[in-house]
Amino acid sequence: MTTSILDIEHLSKSFGHKQVLKDVSFGVQAGHIIGLVGPNGAGKSTIMKAILGLFNYPEGKIMVDGEVVSPTSHQSMDEVGALIEYPGIYPFLTGYQHLHLFSKKTTSDTQVMDIVRKLRMDAYINRKAKTYSLGMKQKLGIALALVNNPRLVILDEPMNGLDPQSNKDLRNLILSYARSGTTFLISSHILSELEKLIDDIVVIDQGQIVYTQSMVTLESGSKKLLAFKTSDDVKASHILAQHGYQLDKSGGVSVIENGQNQMADMINLLTGNGINIEDVQHVHNDLETILLNLLKDDQVKGSK
Amino acid sequence: MITLVKQECFKLLHKSSTYISSATLLLLMTALGFLSKYYPGSWGKPEIQFVQLFAGIYWIPLFMIAACSSIIAMEFQYGTIKELLYRKYYRGQILISKWITMFLYSVYFFSVSLAWSLVIKAVLFNDTFKLSDQYNNQLTIIHANILIIIGSFLVLWMILSLVLLLANVFRSTATAISIGIVGYFGLYIIEGMMIKIMNRWEWLKWNPLNILNLPLQLTEPNADKVTLLSTPEMVGACLGYTIISLVLSYIVFKRRSV
């Protein structure tokens with residue numbers, strides 16, 4: 001049985017006259033990795049800050065591990081690690097001193113160095129942070145969020161400034177923490193990286209949740225296409241349609257895969273009608289395409 | 001709270017400015033010791049310099065203003081304020097831990113200055129005066145020295161509480177420090193004019209600038225003729241202004257968005 005570690009109910013927030021969050025509600029199951037995605041200014045960082053109790057909100061309720069969170073109610077934050085917007089780094093301290101500064105008494109030096117190794121920070125961990133590059137600072141910010149082995153980790157654009165190897169290291173690190181029960185709420189614009197990680201997705205646009213779903217459901221609901229490049233696309237489309245294949249309206253000769261239609265049959269059909277096939281590809285909608293479609297259509301869906 | 005104070009002390013101890021400030025203070029005090037020994041006519045009698053910690057009571061506020069401005073403004077400048085605020089501690093605890101750290105730092109500065117003054121006295125003025133010599137009609141040198149330290153400490157905290165309030169407003173450490181130090185000098189410039197104005201409007205005797213004379217009043221019995229306040233009144237007003245500024249600082253910090 002899964003339990004909820006984070007629940008947000010009817011959260012609203014305005015800055016001045018601008019309402020930045022409108023009746024936001026969603027829940028996060030313990031041990032899941034949740035992607036919080038949406039366009040710039042949609043309210044992702046604001047939600048994350050609210051979860052961390054960084055400001056008052058006039059309406060709604062946020063519960064972390066069953067305890068209400070607000071600027072005046074912070075006890076559950078003891079089990080939360082976070083990186084919000086950009087890493088907060090003291091230039092006069094080394095990376096190791098940062099980790100030492102924010103580690104709990106129960107966090108051993110072995111745990112600290114384990115994170116350092118996993119993020120490949122060994123070479124510069126004892127250098128002053130003022131000499132760090134953007135990527136190095138980002139890794140330190142991630143290490144600070146993870147150092148106390150929290151139950152809930154909130155990462156706002158954690159892939160910012162990371163090179164491909166570091167992205168892979170981070171992905172492996174997140175997955176290994178998740179396997180041991182840590183819950184992650186991650187926002188990122190690098191959707192190709194995010195989709196390799198997340199179990200569930202929450203889409204926000206203009207301060208409103210427009211979609212919440214598990215990735216399994218999302219992917220099963222997305223179209224898989226078989227795209228042909230032929231010597232006569234018009235004729236090919238006509239023949240395929242005549243034989244009951246469902247064509248996608250996106251253009252070209254794209255057949256919607258339904259599990260029954262076989263690529264070999266279609267190839268035989270087309271070549272049998274004198275059409276030369278130059279190329280065939282399986283096309284699968286990635287998270288970016290799905291998200292863009294969602295935001296374009298402005299679909300508002302209920303949660304799971 | 002102890003953890004937070006330890007964290008603040010950790011940061012303070014790893015800033016190079018902490019050591020530079022201490023070394024600069026000791027150098028300036030030593031320089032004044034030598035100047036006072038060889039040019040007492042121009043740089044003041046050694047016993048007066050000793051009582052004033054070889055100008056330590058004037059330098060310490062500058063270093064403390066810089067430290068107090070920085071301890072809050074740097075968290076906003078470096079973006080580390082979020083790291084502090086999202087953890088299990090409350091905003092009030094975080095701010096108070098910073099006050100406590102600065103209080104300990106100011107005690108450290110006065111302790112080091114007193115110890116170094118005694119060293120300077122022993123090395124340069126061992127035969128010139130004794131600590132038990134009369135400073136004025138009522139006080140010995142060491143007695144006057146202790147009263148000056150107490151008065152300067154109280155006045156320093158009245159100023160620092162205002163600096164801690166202003167530091168809440170600025171996001172840049174450099175701006176906060178600059179305004180703090182310029183304001184400190186400005187206070188002493190205005191203070192001279194204020195004494196003249198007070199003779200005309202007596203209620204102005206309660207203004208904070210007049211309270212800056214507390215160290216003088218503690219060692220000069222007739223100073224109340226100028227300040228128009230008794231010593232207990234001055235101490236009370238000094239503590240009152242400090243508390244008001246700290247409370248305002250607390251309110252501003254709790255409401256400040258991050």
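Modeller: Before we start, contact here means heavy atoms within 4.5 Å, and helices (H or I, at least four residues) and strands (E, at least two) are DSSP runs numbered from the N terminus. This is a predicted model, in which local features need pLDDT of at least 70, side-chain atom pairs count only at pLDDT 80 or more, and totals for chains, interfaces and linings use all residues. Residues are numbered from 1 along each chain as its sequence is written, chains are lettered from A and ligands numbered from 1 in the order in which they are written, and side-chain values use heavy atoms, with hydrogens and water left out.

Colleague: Which residues of H2(B) and H5(B) meet?

Modeller: From H2(B), B:Ser21, B:Thr24, B:Leu25, B:Leu28 and B:Met29 meet B:Gly56, B:Trp59, B:Ile60 and B:Phe63 of H5(B). The residues of this contact divide into 6 nonpolar, 3 polar and no charged (Ala, Val, Leu, Ile, Met, Phe, Trp, Tyr, Cys and Pro count as nonpolar, Asp, Glu, Lys and Arg as charged, and the others, Gly among them, as polar).

Colleague: And at what angle do the axes of those two cross?

Modeller: The axes of H2 (residues 16-38) and H5 (residues 56-77) of chain B cross at roughly 160° and come within 10 Å, where axes are lines fitted to C-alpha atoms, for helices over the stretch in contact, and angles run from 0 to 180 degrees between N-to-C directions. That makes H2(B) roughly antiparallel to H5(B), a term for angles over 145 degrees.

Colleague: Switching to chain A, what is the strand order in the open sheet?

Modeller: The 6 strands run E6-E7-E8-E3-E9-E10, with mixed pairing, and two strands pair if DSSP finds at least two bridges between them. E6 (80-83) and E10 (208-214) of chain A stand at the edges with a single partner strand each, so one side of each has no neighbour in the sheet.

Colleague: How many bridges join E7 to E8?

Modeller: Strands E7 (residues 152-156) and E8 (residues 183-187) of chain A run parallel and are joined by 5 bridges; A:Leu155 has A:Ile186 in E8(A) as its bridge partner.

Definitions and conventions. Parallel < 35°, antiparallel > 145°, perpendicular 65-115°, else oblique.
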